[in-house]
Amino acid sequence: TGPVQEFEYQAEMKQLLHLIVHSLYTHREVFLRELISNASDALNVARFRQLTDKSIVDHDAPLEVKIVLDKEKGTFSIEDTGIGMTKDELINNIGTIAKSGTLEFLHKMKSDQKMLDADLIGQFGVGFYSVFMVTDEVTIETRHADADSPAYRWKSVGEGKFTIEEIDRAKRGTKISFTLKEDAKEFSEDWRVKNIIKKYSNFVDFPVYVGDEKVNTVSALWQKRKDDLKDEELTEFYKYLSNDYQAPLGHLHVALEGSVNFKALLFIPETAPLGFFRETEYKGLHLYAHRILIQDDCKDLLPEYLRFVKGVVDTEDLPLNVSREVTQSSPVMGKINKVLTGKVLSFLEDWAQNDTEKYEKFYKNFSPLLKTGVNSDFSNKDKIIELFRFESSAAEKGKMTSLKEYVARMKAEQKEIYYVSGDSRESAERNPNLEYFKKHGIEVLYLLDPVDLFVVPSIHEYEKKSLKSIDKADVQVSKDEEKQEENAIQESMSKSFLSAFKEVLIDKVEDVIASKRLVESPVTLVVGKEGMDIQTERMMKMFNKDFT
Ligand code: ADP
Ligand code: MG
């Protein structure tokens, strides 16, 4: 044993702890889920070390979680035989906030009453601190699995400081213990704790004991037959898996045997988690081999544009003791990825066809990401394009239409698909270049999502019809009309009139021409053949400002 060293929390951490202690009252029981989830993470790491390293502490110790309650004293402890923590890990992983989203979380919590729910905390990489909802003082005793690593005691009374000292502890793993606050004594009751575990942690891969009784019962839900899956079970599993507090929007069960063998249980969330679109570091699907968790953040199972999908994949085609590197380069992964991508896209197409309401909900949340698939997944480009939806001049505000529907409505003589972009339907409709199309009853799609401008131009054509921005200068106008209108224009506007404009605007514009497209507005700015359209230009400006 050694001297007691004192440490101060980061300022941001102090703020966080203050909030947890003083603002979180609902769902306080999630502290238990967070502690069990950390134990389970640590046990997974230990399992991998066991496979390759005979020298680790307690090599053959069973992988498990033990919770001990004392109702009289009002105490709680949870102990795992996981990987444990070194001194550096205690300081760096417990004393600091690792994730960038956390500050945002803080602000959101302060400003939005709805968000003051402890259930959200697991999403932000600060799950451990939820323990301060139910206690004022926490002790961690831990010994890392490395044979020469000493054991330590970490102690903290929450908001200000924590201490670390070396202790004698022979066992591998981590024990976390505390006395419950007066108003949180319920968490030293057997039945209460067991119920919470059943609710939140039933799917943990390791046995969780309360006293001598193993409490978690369900495992490997994805191995069940489709018809045997119950809704509540699926919802709880999804929540466990994703840290989401809402039920999923839908799920997809895949069981494949043949050239590639796997089972998958995938979920589409109801809403995008906070910061979802800015996140570059995201968790992928959970990868299992022979029912054993191999990786809980496997990004190789689906392309990035589908990273909103949560779930597990369990395959017989990978060896059990497979490493991250081997997994990545295994052809099995490529095969699974290909099948799953197709399944997810078909699943969405099915919603799009048969459950429009659900699809539009999904679309509102995740289409900005989905649509980028057009630029990155060439083999599925056509399937992704079918999933696009737009507002349109032929439909009332809020109604969405597909390219297929647009084409079906096209007039016989119309050769191209037209679109206009804008920040809102109203601003798109103010575009003077629309006048011609309105007058002639030609439908124009409204591109209102900024992402559209990066992806729609690369669609090029749909059912052999090219997609054209109405801002481009070379929009085709039918020959007859062209003649008529040209004559009219030539009568009313002499060449000298145009050159007068050119003289004045000499440095500001490429050219001044008589427009065949305006109906009511006297003048409009259009983009030259090679130029960016107006919205793209605006986007580029926006990106340069905010994203570099
Ligand atoms: P997260 O689990 O999202 O990383 P937490 O606040 O729950 O965030 O935990 C912070 C870190 O503390 C973990 O990443 C892990 O390094 C460490 N930790 C917590 N509990 C344990 C445990 N029982 N065994 C080993 N390490 C742990
Ligand atoms: Mg955690």
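Reader: What share of the contacts in the protein chain between residues at least 6 apart in sequence join residues at least 24 apart?

Author: The share is 71%; two residues are in contact if their C-beta atoms, placed from the backbone, lie within 7 Å. This is a predicted model, where local features need pLDDT of at least 70, side-chain atom pairs count only at pLDDT 80 or more, and totals for chains, interfaces and linings use all residues. Residues are numbered from 1 along each chain as its sequence is written, while chains are lettered from A and ligands numbered from 1 in the order in which they are written.

Reader: How do you know that β5 and β6 pair?

Author: Strands pair if DSSP finds at least two bridges between them, and β5 (residues 151-156) and β6 (residues 161-167) have 6, in the antiparallel sense. One of these bridges joins A151 to I167 in β6. A strand here is a DSSP run of E, at least two residues, and a helix a run of H or I, at least four, numbered from the N terminus.

Reader: What makes 7 residues of the shell around ligand 1 nonpolar?

Author: Ala, Val, Leu, Ile, Met, Phe, Trp, Tyr, Cys and Pro count as nonpolar, Asp, Glu, Lys and Arg as charged, and the others, Gly among them, as polar. By that rule the shell divides into 7 nonpolar, 7 polar and 3 charged residues.
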